[in-house]
Amino acid sequence: MNFWKKLKKPILILAPMEGVTDTVFRQIVVSVGKPDVFFTEFVPVDALFSKGQEKILASLKFTKKERPVVAQIWGTDPEKFCLAAQMLSKLKFDGIDINMGCPDKNAVKSGACAALLKNFKLAQEIITATIKGSKGLPVSVKTRIGYKEINTENWVTALLQTPVSALTLHLRTVFEMSKVPAHWDELKSVLKIRENLKSKALIIGNGDIKTIQEAKDKCKEYKIDGAMIGRGIFENVWLFNESIDVSKITPKHKIKLLQKHLQLFKKTYGGSRHFELMKKFVKCYVSGFDGASEKRIQLMQTKTLDRLIETAGELNGRI
Ligand SMILES: Cc1cc2nc3c(=O)[nH]c(=O)nc-3n(C[C@H](O)[C@H](O)[C@H](O)COP(=O)(O)O)c2cc1C
């Protein structure tokens, strides 16, 4: 049942990103270069059992080709984590990840996500409850290395005292947001803690990686099990395909992939997901060639999804 154990190392993962790594984008990524593991966007456990359930369930959609896919959840109530884990197991996810790192003000105010770095006891209770509800699915945690100050030693010890299957460390404090370079050297103490506690958790590093070569180098240098890449995918959607030199991809091919993404978005959601979300992808596809910025302006000025799709088609027809 534990898919993590079957993966070849180093494990290369596309980071969970809200408004980005939905089933549509994951399918696009599969079509050009698949990572070893996908994560969903983070989903509040409270909403899984509320009136807004339908919308949340839509953000948990996935297709077979995205496997292995891990559902990421967040919240404060261990009981709800247990129920959410039961639901995710029924939805046939490959794993469940708990977000303990997002610095979003409202989430933190409620005591969830990054606030758990200040509440070790609740963090452990949440992990235990999730494992209880998970029916054998592996449970992992994605977090940072401290709240205001770096606190790797105490925090990672608390986490690895639980039987988590994997621990992803975004190597910055909550206060640092994404503003300073990630502290990769902290992984040395993480590995010592794992050894001392005889934990079997896989250790995944995250922060500032832009290429697969860089990810592999980091895994080798720090002797970790895998690396997770987030914003790097915006610069190169083909990132996980090592055999493709992105500088050789033609503008026509890039815009064609944007068209495919837009059409899949329309087919998947109809009008139920706001189309403006798609605009953040325009730069991923329409960049790195002459005339890209003018084309981006035209695309960004569109007011509906259909018009965005048409404009992408017109631009491609003229190349
Ligand atoms: C737009 C955006 C959305 C994000 N949403 C999530 C999320 O839902 N869950 C999560 O654990 N991290 C989220 N993150 C953080 C990333 O997963 C990752 O930890 C962070 O970007 C650092 O990695 P990078 O330097 O490779 O981008 C988000 C980051 C960005 C830029």
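Predicted model: local features only at pLDDT ≥ 70, side-chain atom pairs only at ≥ 80, totals over all residues.

Colleague: Which domains does the assignment give?

Modeller: Domain bounds come from an automatic or database domain assignment. Here, domain 1 covers 3-235 and domain 2 covers 249-317. Their C-alpha centres lie 30 Å apart.

Colleague: How many residues of each domain are in contact?

Modeller: Two residues are in contact if their C-beta atoms, placed from the backbone, lie within 7 Å. By that rule, eight residues of domain 1 meet 10 residues of domain 2. Helix α1 (residues 23-32) supplies the largest share of the domain 1 side, five residues. Helices (H or I, at least four residues) and strands (E, at least two) are DSSP runs, numbered from the N terminus. The domain 1 side comprises five nonpolar, three polar and no charged residues. In this classification Ala, Val, Leu, Ile, Met, Phe, Trp, Tyr, Cys and Pro count as nonpolar, Asp, Glu, Lys and Arg as charged, and the others, Gly among them, as polar.

Colleague: At what angle do the axes of α4 and α6 cross?

Modeller: Axes are lines fitted to C-alpha atoms, for helices over the stretch in contact, and angles run from 0 to 180 degrees between N-to-C directions. Angles under 35 degrees count as roughly parallel, over 145 as roughly antiparallel, 65 to 115 as roughly perpendicular and the rest as oblique. The axes of α4 (residues 78-90) and α6 (residues 120-133) cross at roughly 30° and come within 7 Å. The two helices are therefore roughly parallel. Residues of α4 in the contact include F81 and L83, and those of α6 include I126 and A129. This contact has seven nonpolar, three polar and three charged residues.

Colleague: Is the crossing of α11 and α14 left-handed or right-handed?

Modeller: A crossing is left-handed if the near helix is turned anticlockwise from the far one by less than a right angle, and right-handed if clockwise. The crossing of α11 and α14 is left-handed, whereas α4 passes α6 in a right-handed crossing. The axes of α11 (residues 251-269) and α14 (residues 305-317) come within 9 Å and cross at roughly 160°, so these helices are roughly antiparallel.

Colleague: Which residues of α13 meet α14?

Modeller: K295, Q298 and L299 of α13 meet L308, T311, A312 and L315 of α14. The crossing of α13 and α14 is right-handed.

Colleague: Where do cis peptide bonds occur?

Modeller: Most residues other than glycine have a negative phi, and most peptide bonds are trans. A cis bond joins K9 and P10, with omega about 0°; P10 lies in the segment before β1 (11-14). Another cis bond runs from R67 to P68, with omega near -5°. K92, which is not glycine, has a positive phi near 70°, and K92 lies in the loop between α4 and β4 (95-100).

Colleague: How many residues surround the ligand?

Modeller: A residue is near a molecule or strand if its C-beta atom, placed from the backbone, lies within 6 Å of it. The ligand has 22 such residues around it, the closest being A15, M17, F42, G230 and R231. The shell contains eight nonpolar, nine polar and five charged residues.

Note on methods
Residues numbered from 1 in each chain as written.
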